[in-house]
2 protein chains.
Amino acid sequence: MTDLPLTPRTRVRRLPHHQVTDRAALYDVLDGALAATLAIVRDGRPVALPVGIGRDGDDVLVHGSSGSDFFRRIAAGTPVCLTVTQLLGLKYARSLFDSSMRYRCAVVHGVASVVPAEEKEDALLVLSEHLMPGRSADVRPMTARELAATLVLRIPLSEASVKDNAGSLVEVDDDGEDRAVWAGELPLHVIAGDPVTSAQTVPGTAIPDSVRRAAARVAATGTA
Amino acid sequence: MTDLPLTPRTRVRRLPHHQVTDRAALYDVLDGALAATLAIVRDGRPVALPVGIGRDGDDVLVHGSSGSDFFRRIAAGTPVCLTVTQLLGLKYARSLFDSSMRYRCAVVHGVASVVPAEEKEDALLVLSEHLMPGRSADVRPMTARELAATLVLRIPLSEASVKDNAGSLVEVDDDGEDRAVWAGELPLHVIAGDPVTSAQTVPGTAIPDSVRRAAARVAATGTA
């Protein structure tokens, strides 16, 4: 796997020792997240909205309504910035200045391409498989009307950066830190609760394996 | 409390019935989140990075390095879009089309102002109190050098939108949904794990109440 290229947009400027240029790290951040924030420029101003994501090889897929002004602008070629943040904990140093959040984040810059009609269903199944693994087998196939109402966009992972501040806590005593103070990390994890059956589900219907599998994935990764 | 104003930038265009114009809902989303994505336009392209946040009345505070190009552009008046997303679950409908994530999000548009030197420490304590409640009392005060190295920015909450798709699941049978299929929601929560003591903490040092309080807040809200 090739390393992530360092470009003026992807070179981390602050705390550059937290930059990770291993492409596998990018895929790991993306695969461990269900949602991202997608930013564009609209009328000269930034607009950033949450979107579901699913990686397809060296691209990331997003989808939206064919009627959405936001997605139509992206389909028309306006550049995007896709940001995924995994908040993994809180780092308690012996000063507020050295304290921070424990996180991993990926920032992808690019121009999306529209997934053509004949590939749309497959692309939506890739997204669905990431967001709700196995669910497509539980429900009826997509209809032509639904496919027409959905815009699927492919963002290449060619210009991206990853930052991960895993390393150890700053414990340098540079300005009078009190050595008697506890320092450490409070880890944060995502967990899935018990599935809540809908009002109109036929009483007695078993919770499908697909839902249990989604819960297990959240439990295994601690992220969503 | 006044309602959030509807402007061309804040009027929700897709699924407008999910828009919430109650200002208290905005504060609730912000207060339940530790991090946001902050987007600007740089050289005509969108750039969006994760930041820690803390609400101070009718503003939201963010901070960064005085040397950061990103934060310096914001300090110089480039417009921002601040996006907070709380992923609360997965909604399993009887079609993929009607399935979705269960989320709340806030999108704030505005121009930040720089917190002046004489107010910086108080503003950083507001941020610190939100991110790590009580921690400032455990550690030494901030130093002049640390204050000088930090840029604190105040973003007014005057133009903001909130979207919340809490409502019940779509259960209309419009295109051949199989009524025998289970539908419902898989809730997602954030939890705090056990604190991990740093390598250089004096053996036997008790975990402070502040850290336990942060863990309790995560447990109470299920978000971070």
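This note reviews a predicted model with chains A and B, point by point.

1. Basis of the model. Residues are numbered from 1 along each chain as its sequence is written, and chains are lettered from A, with ligands numbered from 1, in the order in which they are written. Since the model is predicted, local features need pLDDT of at least 70 and side-chain atom pairs count only at pLDDT 80 or more, whereas totals for chains, interfaces and linings use all residues.

2. Confidence. The average pLDDT of chain A (the predictor's confidence in each residue, from 0 to 100) is 94, and 100% of the residues score at least 70. For the complex, the predictor gives an ipTM of 0.95 and a pTM of 0.96.

3. Chain A. This chain holds 5 helices and 12 strands; helices (H or I, at least four residues) and strands (E, at least two) are DSSP runs, numbered from the N terminus. Along the principal axes, its C-alpha atoms fill a box of roughly 65 × 50 × 35 Å. Chain A has 224 residues, of which 42% count as buried. A residue is buried if 20 or more other C-beta atoms, placed from the backbone, lie within 10 Å of its own.

4. Contacts within chain A. Two residues are in contact if their C-beta atoms, placed from the backbone, lie within 7 Å. Among contacts in chain A with a separation of 6 or more, 71% are between residues 24 or more positions apart.

5. The interface. Here 87 residues of chain A are in contact with 87 residues of chain B. The elements that give two or more residues to this side of chain A include strand E6 (80-92), helix H3 (117-131) and strand E11 (184-192). The largest share, 9 residues, comes from E11(A). By class, this side has 49 nonpolar, 23 polar and 15 charged residues. Ala, Val, Leu, Ile, Met, Phe, Trp, Tyr, Cys and Pro count as nonpolar, Asp, Glu, Lys and Arg as charged, and the others, Gly among them, as polar.

6. Strand pairing between the chains. E11(A) runs antiparallel to strand E12 (residues 196-197) of chain B, and 2 bridges join them; strands pair if DSSP finds at least two bridges between them. A:Gly184 stands opposite B:Thr197 in E12(B).

Notes. A residue is buried if 20 or more other C-beta atoms lie within 10 Å of its own, exposed if 12 or fewer, and partly exposed in between; C-beta atoms are placed from the backbone.
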